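Let's take a friendly walk through this structure, with an eye on strand pairing and charged contacts. Have the view open and follow along.

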Amino acid sequence: MTIRPIVRYPDRRLALPAHSVTAFDDSLRDLANDLLETMRAAPGIGITAPHIGVPLRVVVLELDAKDGARTYVNPEITWASPKMILHREGSVSMPGVNDEVQRHARVRISYQDVEGNMQHEESDGLRAVCHQHEIDQLDGMFWLQRLSRLKRERLVKKFEKLSRNS
């Protein structure tokens, strides 16, 4: 397992849609392990392959130690509840800034595990927010795009200032 460099905002690669995974082999398992180590080192609770410059549809989430880490390959939202919630979000690609984003309260996703087996999961709360946030990233939509222009500009300025001072 390797901790990989994280692509930082506003790198163009964060705005590109990721490609579907077609090979379920040792390199995919290695990528999933590297994502987990990189996310833990960041630290974060979710990461996608594009966050480390790999344009593949792979997500790793680790919301708590009890539940453990989960890898989602080629995830897609298949249903979303009409009820919406606000949740504070940020990104390993833009550390130090966060804001509230409106998301669906519940979602159902389909995905494959690292062996290629089709899976389905319904989630709510933080896990539902994470699914939406990371799938947006796989689609080339950085979380800032879900905010008003004013909030987005304020956060970009704050991040630029933090980056200059670090």
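In S7, which residue is the bridge partner of Ser110? The partner is His120. Please keep in mind as you read on that this is a predicted model.

## Strand S6 and its neighbours

Ser110 sits in strand S6, which spans residues 106–112 and is mostly covered, with five of its seven residues buried. On one side of the pairing list is strand S7 (residues 118–124), which runs antiparallel to S6 and is joined to it by seven bridges. The hairpin made by S6 and S7 has five residues between the strands. Look there for Gly116, whose phi is positive, near 95°.

Strand S3 (residues 70–80) also pairs with S6, again antiparallel, through five bridges. Here Ser110 has Glu76 standing opposite.

## Glu76 and its salt bridge

Glu76 has a charged partner as well: its side chain meets that of Arg57 in a salt bridge, at 3.3 Å from N to O. This pair links distant parts of the chain, since Arg57 lies in the loop between strand S1 (46–48) and strand S2 (58–61), while Glu76 belongs to strand S3, 19 residues apart.

Glu76, at 37% relative accessibility, is partly exposed.

## Other charged contacts

Across the whole structure, a search finds 20 salt bridges. One of them joins Arg103 to Asp136, with the closest N and O atoms 2.7 Å apart. Again the pair links distant parts of the chain: Arg103 is in strand S5 (residues 99–104) and Asp136 in helix H2 (residues 125–138), 33 residues apart. Both of these residues, Arg103 and Asp136, are buried.

The side chains of Arg70 and Asp67 form another salt bridge, at 2.9 Å from N to O. Arg70 is partly exposed, with a relative accessible area of 27%, and Asp67 is partly exposed too, at 35%.

Methods: Residues numbered from 1 in each chain as written. Predicted model: local features only at pLDDT ≥ 70, side-chain atom pairs only at ≥ 80, totals over all residues. Heavy atoms only, no water. Buried < 20%, exposed > 50% of the residue type's maximum accessible area, 1.4 Å probe, protein only. Helix = DSSP H or I, 4+ residues; strand = E, 2+ residues; numbered from the N terminus. Pairing = 2+ DSSP bridges. Salt bridge = Lys/Arg side-chain N within 4 Å of Asp/Glu carboxyl O.
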